[in-house]
Amino acid sequence: MDKVKFKDESINVSNEEILKLISNKAIMPFLEQNLSLIDSFVFPEFPNHDIKHSCKVALFSLIMATYFYLDNNSKKILVDAAFLHDVGRIDDYYDYDHSYLGASLVDEVLKNQPFYQNIDNLNLVRALIFGHNKTPYDNLPFIKYNVLNNDKNILLLKILKDADVLDLLRKKEIMFNENNLYLNISKSLINFSKFIQESNIIEEMIERGERDDRRNSKRFN
Ligand SMILES: [Fe+2]
């Protein structure tokens, strides 16, 4: 077992401070660069599950990962799992199996990235996607994809699950319940999630990520 302990404290920061933090190159440009490596057609296009939802989950995940001082490899895997966690959806409604389907589709989506030639990296993305609609204490995703269920990987799963729950605030009907968050740090992001639903930060991020995408496809063709 990984003995590293990660401090999970509530942080008391304003939306302005979080905005300042995310403009830092370790957050927004990191997200945009990784978004640009994923073909935009893979994102679900349902009213409640679209590329904006995927990008908000990736942003909340990366903010939390930054507060936990996670390493860059873990951040990259977490962000890609967040971008892709709903690729197996076939509609907007409750669908337990979308996590399995999504985990099966990511090999194809990520196969051009040298980072995922490393099977451990690919398997961790798969385990996170498969686990995102289960409890983080369920061993199945880790066993299924041959991934260690150590403290760090369980933390990555809790971050992804909480980031997904935080974006329930996008829905008009009340489905968000603070008690469904696993981490204290996530509670500090509730106001930020409310704020971001009304802003155009995510649209601008997608626009910049897709511009990079077009540049990359020119370079590769
Ligand atoms: Fe989701």
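The structure is a predicted model, in which local features need pLDDT of at least 70 and side-chain atom pairs count only at pLDDT 80 or more, while totals for chains, interfaces and linings use all residues. Residues are numbered from 1 along each chain as its sequence is written. The secondary structure of the chain consists of 11 helices and 0 strands, where helices (H or I, at least four residues) and strands (E, at least two) are DSSP runs numbered from the N terminus.

**Overall fold**

- Read from the N terminus, the order of elements is α-α-α-α-α-α-α-α-α-α-α.
- The chain has a radius of gyration of 16 Å, close to the 17 Å that the globule rule gives for 221 residues, so it is as compact as a globular protein of that length. The radius of gyration is taken over C-alpha atoms, and the globule rule is 2.2 Å times the number of residues to the power 0.38.
- Along the principal axes, the C-alpha atoms fill a box of roughly 45 × 40 × 35 Å.
- Of the 221 residues, 39% count as buried. A residue is buried if 20 or more other C-beta atoms lie within 10 Å of its own, exposed if 12 or fewer, and partly exposed in between, with C-beta atoms placed from the backbone.
- Among contacts with a separation of 6 or more, 67% involve residues 24 or more positions apart. Two residues are in contact if their C-beta atoms, placed from the backbone, lie within 7 Å.

**Nonpolar core**

- In soluble globular proteins, nonpolar side chains tend to be buried together.
- The largest nonpolar core of this chain has 54 residues, and those with the most contacts inside it are Ala 58, Leu 78, Ala 81, Ala 82, Leu 128, Ile 159 and Leu 160. Such a core is a set of buried Ala, Val, Leu, Ile, Met, Phe, Trp, Tyr and Cys residues joined through C-beta atoms within 7 Å.
- At least two residues of this core come from each of helix 2 (28-36), helix 3, helix 4, helix 5 (98-110), helix 6 (119-131), helix 8, helix 10 (190-197) and helix 11 (201-220).
- Helix 3 supplies the largest share of this core, 10 residues.
- Ala 81 is in contact with Val 125, Leu 128, Ile 129 and Leu 160, leaving aside its neighbours within four places in sequence.

**Helix packing**

- Two packed helices are described by the angle between their axes and the distance between the axes. Axes are lines fitted to C-alpha atoms, for helices over the stretch in contact, and angles run from 0 to 180 degrees between N-to-C directions.
- The axes of helix 2 and helix 4 cross at roughly 60 degrees and come within 10 Å, which makes helix 2 oblique to helix 4. Angles under 35 degrees count as roughly parallel, over 145 as roughly antiparallel, 65 to 115 as roughly perpendicular and the rest as oblique.
- In this pair, Leu 31, Asn 34 and Leu 35 of helix 2 make the contact with Lys 76, Val 79, Asp 80 and Phe 83 of helix 4.
- Helix 5 and helix 6 have axes 8 Å apart and pack at an angle of about 150 degrees; they are therefore roughly antiparallel to each other.
- The contact between them involves residues including Tyr 100, Ala 103 and Val 106 of helix 5 and Leu 122, Val 125 and Ile 129 of helix 6.

**Loop residues with positive phi**

- Tyr 69, although not a glycine, has a positive phi of about 55 degrees. Tyr 69 is in the loop between helix 3 (51-67) and helix 4 (72-84) and counts as exposed, with 8 C-beta neighbours inside 10 Å.
- Asn 146 is also a residue other than glycine with a positive phi, near 55 degrees. Asn 146 lies in the loop between helix 7 (140-144) and helix 8 (151-166) and counts as exposed, with 12 C-beta neighbours inside 10 Å.

**Other selected residues**

- Leu 189 is in the loop between helix 9 (184-187) and helix 10, yet counts as buried, because 27 C-beta neighbours lie inside 10 Å. Not counting residues up to four places away in sequence, Leu 189 touches Phe 60, Ile 63 and Leu 166.
- Tyr 67 belongs to helix 3 and counts as partly exposed, with 19 C-beta neighbours inside 10 Å. Leaving aside neighbours within four places in sequence, Tyr 67 is in contact with Ile 11 and Ile 185.
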